[in-house]
Each structure stands twice: as C-alpha cells, then as structure tokens.
Amino acid sequence: MHNKIIRKTTKATIINIIVALFITLAIVLLIYLFCGAEIGEVISIASKIGIDVENKEEKETIINEENEIENYPEYGTQYATIEIPTIDVNLPVYFGDTYEVLKKGVGHSSGSYFPGEGGSIVFMGHNFPTFFRRFSELKKGDKIIVKANYGEYQYKIYDMQIIKETETEKLPIQKDREILMVYTCYPFNNIGYATQRYVVYAEREK
Amino acid sequence: MKTVKKVIRYMISILLTILIILLLFTLIVSFTLGHKEYIYQKFDETDYYTKIYEQVVSSFEDYMYQSGLDIKVFENLVSKEKVKKDTNTIISNIFSGINEEIETQSIKDNFNANIDRIMGNNALNITQRKAVDSLIDKLVKKYTDTILHFEYENKINNYYKVIMQYMDIFKKGIIIAIAVCILALIGITTRRIYRIFNFLGISCISSGTFLIIVNIVINTGIKIQKLAILSDAMSEVIRSILTQILNIITLSGCTLIAVGIISIVLTNLIHNWRKYA
C-alpha cells in the first residue's frame, strides 16, 4: 500500500513538474515572439558597454608607400618624441589630448593627421619650464624633429602666432600640406586660466 | 464540469506564475535601485566616495599645470566629506525629485584663501584677478561635472520619483491580483482545499525556472565584470549592483523551485494517503 502511495505521489509530482516547465516554456516563447528582438538588442548593446582587455592585440604602427598609416597607435599611448633643439625640448608625444596625457608630455589632437601622412598635424603641451615655456625664443627657420616609432620627420618653423583659445580656424586641418602646428598656453607666465595660445607653425622639409 | 474546473485551475496557475515573476522583479527593483539607502551602501562598499574624491583632485591638477600658480594653491579645495555630502545630495535629488544645488562657494573661498596665504593679500593685479576668477569657474564646473557625471540629472529627477510611485502602485496591484487568484483557486477547490497548494507549487516552479532562465540569458549575453559606464568608480558600483541583483534572482528562483516541489510532493502525498491508506 505504501509503495502504491509513493508510486502515485512520484508520478503525480513528475506530471506537475512537467506542467510547470511547460508553463515556463510557454511564457518564454510568448516573450520571445512579442519582444525577443528588443530584448536581443538591449543585451547586444549592454554586451558592448565594456572593455575587452583580453582581446586587445598590439599591432605595430607602420606607414606604407602611399603615406598611409597602418595600425594607428592606441589612444593615450606614446608613439613619438618631439625635439626642438633651439630651446632644448625633447618630449614624448602621445596620441590624444586628454589632461592625463598633457601631464605626461605632448598631446596629438586626434582630429589631425599623423606625421608622414601629408596633412596638418596639431600638437599641444603645457607651458611648464621643461615643456614649452621658452616658445618665445623660437625663430623662423628653427627645426622641429618628430621621431615616430614608424619614421623620423623634420619640420622648419615658418610662422608664430598668438591666438585666442576659441580661434580654432587658426589651426586649420588640411590634407594636402604637411604642416605641424604646436601650441601652448599664453602668456607663458600666466596666472589663472589662460585664454590665449601661442602657436608655432612648421612645414615638413623635403 | 470536472475538466472545466481543472482547466480553470491551470489557467490560474499560469496567471499566478506571471504575477509572481512581476512581483519579484518589482520587489527586487524597489529594494535595490529604488532604495536610496541601498545606493549609499553600494557607494560605501565600492569605496565610491574616495574614488570620486581622487578624481576631483586629479581634475584640479589638470588646471594646476597650466595655471602658473603654486601647487599649494590647489590643495584642500574640497574634502572627502564634502564629496560624500554632495554625491549623496545628487542621489537624494534623484529619489525625491527635487533639484537641490551643490554648494560650490566653499571651493571658491578655499581657493582665494590659499592664494592670499601663499601669494599674500592683494598679490594679483586686475588682469590676473580676472584670469584667476575664470580659473575658479573652470574648477567649480569640473567639480560639479565629476560629481554629477552627466548633464541629464535634472531630467532623471523629474522621472525617477514618478516611476517609483507608479511602481509602488503596480506592486500593490500585483499583490491584490495574487490574492484574488488564490481566492479563486480556493473557490473552485472547495472539496479538497489542500489541492490549491498543488497549483501554487506549479506556479512557484514555473516562475522559479523562468528566473533561472533570465539569469542564464543575462549572464551569457552580458559580461558584467567588464561593464564600463561613465567612470571607473561608477562602473564598479553598477557592476556590484547588477551582480547582486542577479544573485537575488538566482536565489529567488532556486527558493521558488524548492518551495514548489515541496508543496507539490506534500499535496500529492496527502491526496494519495487519503485515497489509498
């Protein structure tokens, strides 16, 4: 008798559990039919909000025969040095212009071209004594050397200008003339927030 | 008639499953994202206030280098306590739907006091004073931006409270609906009242299984430990909250399945005992 009770109870329990699982399946199917696409989209977006450090693969930056950069440096990394012998400047150049980058060295505006590509390049740095404080000593004809990890490029200064921070048109980005524009805050011994910039314009030497 | 009653019972089970799932999600949101104290607790757990304080100090350093001023002028402009107080004000604003402003005058006062102390009173000429005032404005903006994280705080304030109020009404509605379903089950199971636990058990198992499936889908689709939103500090808080919510979902799912199985086994045992013993 006890065996019969246990057998019947087990059978009924299994049937009830199967019914419960069918109900779950039905609900899942209904959700999938009515809003499966939207849920998939949300999960897809959420899965992309993150940094996949494991899949990062470092590739060497090179410049090909058509002066095109292959494998651009990663944002925030150092890829070159800038030398200005006249004022004893030799600083690392980082791709990017965040404050964090500018604490460490010279920033390369991400909207501008890379040295060797043939277009306008915009570099910027603080006016610390060891950085660009001595920009006023530069003269037309002075040399600026950029040693990138894919090649070395030399530029000759042809102009210097003091501009307002809002005059972005004075840092024109053009693709068919390789001009290096390096700027820093002005006045050099400024106190407070500097609203002017001292820009050095240099053209690549053939 | 017997078959009709059985079908109705199963229909109620399906309805109960949906209601239990909705109630659990509503409760989880209410006790986590809908609870101010929970957010504060998560901020404490993930050391959020210290990280934000460090971000604020670092953001001030950004201006320090270009300002031409002594480094000491930028020291002690804000304290950890102020960062905590202001962060909590923002959270409180979101929950209460008001727009209480962050106090920034003390940053200006501390900065000016530092200048006077280090450079001497009236050390600045008119032009320099103007440039310093402009710098102070930039520092204050940087501070509020770092604390706020995003510019939509005011918009969130307007909606969050309303959403939570509706959620409260929704929660009460679900509880009433569950009670009605149980009463309906009792109503059509008058002869053997213990049988309603059989159908409640089915609902518990279905809703528990559903929660486990939800957990699996989210964990498979989203790499929570790699989520990066707004800032490192905020990402850690969000990761911690999401992990805990998923743990609660799993725990609730497992508990519901266990309760469901026990309920079904006992009901069937009583039923068969009465029938065959």
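Eight bridges join strand E9 of chain A to strand E10 (residues 196-204) of chain A, and the two strands run antiparallel. Within this pairing, Leu180(A) has Ala202(A) in E10(A) as its bridge partner. The structure described here is a predicted model. Strand E9 of chain A spans residues 179-186 and is mostly covered, since eight of its eight residues are buried. E9(A) is also joined by four bridges to strand E6 (residues 121-124) of chain A, and here the strands run parallel. In that pairing, Phe123(A) stands opposite Val182(A) of E9(A). Strands of a sheet pair through backbone hydrogen bonds, in either a parallel or an antiparallel manner.

These pairings belong to a closed barrel. Its eight strands, in chain A, follow the order E3-E4-E5-E6-E9-E10-E8-E7, with mixed pairing. On average, neighbouring strands of this sheet are turned by 30 degrees against each other, direction ignored. Strand E3 (residues 78-84) of chain A and strand E7 (residues 143-148) of chain A run antiparallel and are joined by four bridges. Ala80(A) stands opposite Ala148(A) of E7(A).

A cis peptide bond, with omega of about 0 degrees, joins Tyr186(A) and Pro187(A). Pro187(A) lies in the loop between E9 and E10 of chain A. Asp88(A), in the loop between E3 and E4 of chain A, has a positive phi of about 55 degrees although it is not a glycine. Most residues other than glycine have a negative phi, and most peptide bonds are trans.

Val93(A) counts as buried because it has 22 C-beta neighbours inside 10 Å, and the class requires 20 or more. When neighbours within four places in sequence are left aside, the contacts of Val93(A) include Gln78(A), Tyr79(A), Ala80(A), Thr81(A) and Ile82(A). Gly105(A), Val106(A), His108(A), Phe123(A) and Val146(A) are also among the contacts of Val93(A). The C-alpha atoms of Val93(A) and Gly76(A) are 9.6 Å apart in space, and the two residues are 17 apart in sequence.

Val93(A) also takes part in the largest nonpolar core, which has 66 residues. The members of this core that touch the most other members are Ile82(A), Val93(A), Phe123(A), Ile144(A), Leu180(A), Met181(A) and Ile52(B). One of them, Leu180(A), touches Ile121(A), Phe123(A), Ile144(A), Tyr155(A) and Ala202(A), not counting residues up to four places away in sequence. A second, separate core has 23 residues, among them Ile12(B), Cys181(B), Leu185(B) and Leu211(B).

The contact between the chains takes 35 residues from chain A and 41 residues from chain B. On the side of chain A that touches chain B, the elements giving two or more residues are helix H1 (2-48) and helix H2 (99-104) of chain A. H1(A) provides the largest share of this side, with 18 residues. By class, the side of chain A that touches chain B has 20 nonpolar, eleven polar and four charged residues.

In chain B, two loop residues were examined. Thr32(B) lies in the loop between helix H1 (2-31) and helix H2 (36-45) of chain B. Thr32(B) is partly exposed, because the 16 other C-beta atoms within 10 Å fall between the limits of 12 and 20. Not counting residues up to four places away in sequence, Thr32(B) touches Tyr38(B), Ile241(B), Gln244(B) and Ile245(B). Thr32(B) and Leu242(B) are 210 residues apart along the chain, with their C-alpha atoms separated by 9.7 Å. Asp47(B) is placed in the loop between H2 and helix H3 (48-67) of chain B. Although Asp47(B) is not a glycine, its phi is positive, at about 60 degrees. Asp47(B) is partly exposed, with 14 other C-beta atoms within 10 Å.

Key: Residues are numbered from 1 along each chain as its sequence is written. Chains are lettered from A and ligands numbered from 1 in the order in which they are written. This is a predicted model: local features need pLDDT of at least 70, side-chain atom pairs count only at pLDDT 80 or more; totals for chains, interfaces and linings use all residues. Two residues are in contact if their C-beta atoms, placed from the backbone, lie within 7 Å. Ala, Val, Leu, Ile, Met, Phe, Trp, Tyr, Cys and Pro count as nonpolar, Asp, Glu, Lys and Arg as charged, and the others, Gly among them, as polar. A nonpolar core is a set of buried Ala, Val, Leu, Ile, Met, Phe, Trp, Tyr and Cys residues joined through C-beta atoms within 7 Å. Two strands pair if DSSP finds at least two bridges between them. Axes are lines fitted to C-alpha atoms, for helices over the stretch in contact, and angles run from 0 to 180 degrees between N-to-C directions.
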